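Dear colleague,

Please find the structure below, followed by a summary of what was found in it.

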Amino acid sequence: MIKYVARRISHMVVVLFGVSIAVFSLVHLVPGDPIRVALGTRFNEETYQALLVSSGLDRPLLEQYVTYIFGLLQGDFGVSFRSGGPVSEVLFERLPATVSLASFGIILAIIIAIPLGVIAALNDGKAADGGIRVFSQIGVSLPDFWTAMLFILLLSATLQILPSSGYVPFGEDPVQWLRHLIIPGLTVGLIASSIITRYVRSSVLEIINSDHVRTAESKGLSRSRVIRQHVLRNALPPIMTISGVQFATMLGGVIVVEVVVAWPGLGRLVFDAVATRDYPVIQGVVMLIAVAFLVINLLVDVLQARLDPRVLR
Amino acid sequence: MSAVFGVDNLSLKIGKNQILREVSWNVSRGETLGIVGESGSGKSMSVLAASGLLPKFRKNITGDAFLALESEQQSLLDMPSSEIRKLRGSRIGFVFQDPQSSLNPLMTVEQQLSEMIKLHMKLKGKQLQERLEELLELVGIADPERRLKAYPHELSGGMRQRVMIAIALSCDPDVLIADEPTTALDVTIQAQIVELVQNLQKRLGMAVVWISHDLSLVGQLADRIVVMYGGEILESCETKQLFANPRHPYTQALLASKPTMDKSIKLSTIPGSPPLTTEAVDRCVFYDRCQFKSDPRCATERPPLTAVGGDESHLVRTFCEVP
């Protein structure tokens, strides 16, 4: 197991290196002059030149990249063009809002998806299955900003039980934190749940028709034990994979939803950073998303290896 | 000898397809019944239907299945599914074809073996551990302590099937259903498994229903044989009688298609292929592939199951008078 994890981490380093090259080149390929945007109305030739030199943008691309990568290795993500503060600080400031939203979303998604997917699979082809598939189809098809607006309309404007936007840190007021979290959380959670439900359904359907489930039935085990021990447990690996991907996606920031409900998370941050060509911030967010993806995938794989002894073979 | 397990006039119709048609057989304690047929002949289906393992098609099943326990005969098809569950595993043990796919890949041998013992025999702790080791020894698995901790993929095919047999026998069943238990195994392992089941039957005195497509294999181990085709029983009698005096054209063709060591004799085959969708027909179910068709009723009437020469233990469903 330790060898397996070590091998996976060494792969991760290679992937992250590749990601850093890709992001760095992409960001510099995007047209638009970040210094001009950052200066705005305060623009004059002198300050422009001074900023260009201090940000290092006047140097050759390769040199800029090498400087960036060495900074990264020391935990230095660079300095934001816009705020002038270190990128790591900006990221750290935005992280709690995004982690709150992503955790709420994924937990809600799994709580909804597993029972729905199992019910759909057990009633394959019947009315319950049809209903759940329609729900999941709607969830996948609706644009997230629209779903968010519907929730705002219902819960905030009409029923007036929740605030329509904004964020309160957990440390400040847990109750307000939760109240603000519900609308964006419901939005991302429902979308993720409709995707995960489909995986649960097909995975359970595949397992339920397998020979070892017939063996379990032939042992005279109760229906619920057969479903829990022999069907659901064996159906879990693909469900864990897709849930991990969904969670990582949310951690990268749910850009449109965060913008709609004024959520100060990473999605909002990257949205603003792209608008202002704040290269170091864009690079920082993307690197963070890449790390989140890789770490979560590793966690999922380790869990799977615990569940299925054949993985480590 | 009184029958301990059997089906009586069992039919199963799914949509237009007549999967089983008026199938009756039974097996007594200490006896081995062989059910022989090609794929799709319904040989496994009659057993699955009788033991409640086709819950989706419960409504499509007519006829009866029974299990006789302590001289009291219980009808399995009238039973609520919670009741029949209690009999499965405890009174009827199952061994299926492919031990690779029939064992749960994510559970150790110990987990798979003990869940049934815990459920039906309520053993735990030291008693459970002793029972587990005893079972593995019974099926000839050396070093039981180590094997109990193993996962199915860490065992060989023969070893896996031994584990399946240990599971099937773990609660001392009255009936063992062996559904093509050796088909997925090497020939040498196949012989070991056959011998193992025969020895266990002698020691434990249970009834065995051995389902196979291999007539010569079943010929070696069964006391009586039922030959099935297209969801129907075509012939049933004692094993010796079947090989000495087969009365159905299909049985004869099956016996003739057994390979011999003499290379000059061409292997005989049955022309055509078994029916894929078996709609119930008013003629002999083997009509299309039969080389005799010696009676005009073959094409217009379904032959009844009749006793050969007044011998009620030898039944055959044909109009043809075969040589």
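In chain B, 65% of the contacts between residues at least 6 apart in sequence join residues at least 24 apart; two residues are in contact if their C-beta atoms, placed from the backbone, lie within 7 Å. This is a predicted model, in which local features need pLDDT of at least 70, side-chain atom pairs count only at pLDDT 80 or more, and totals for chains, interfaces and linings use all residues. Residues are numbered from 1 along each chain as its sequence is written, while chains are lettered from A and ligands numbered from 1 in the order in which they are written.

Of the 323 residues in chain B, 45% are buried (20 or more other C-beta atoms within 10 Å of the residue's own, with C-beta atoms placed from the backbone). The C-alpha atoms of chain B occupy a box of roughly 70 × 50 × 35 Å along the principal axes.

Chain A is divided into domain 1 (2-87) and domain 2 (94-308), with bounds from an automatic or database domain assignment. The C-alpha centres of these two domains of chain A are 31 Å apart. Across the boundary, 22 residues of domain 1 of chain A are in contact with 18 residues of domain 2 of chain A. On the domain 1 side, the elements that give two or more residues are helix H1 (2-29) and helix H2 (34-39) of chain A (helices are DSSP runs of H or I, at least four residues, numbered from the N terminus). H1(A) gives the most, with 11 residues.

Key:
Buried ≥ 20, exposed ≤ 12 C-beta atoms within 10 Å, placed from the backbone.
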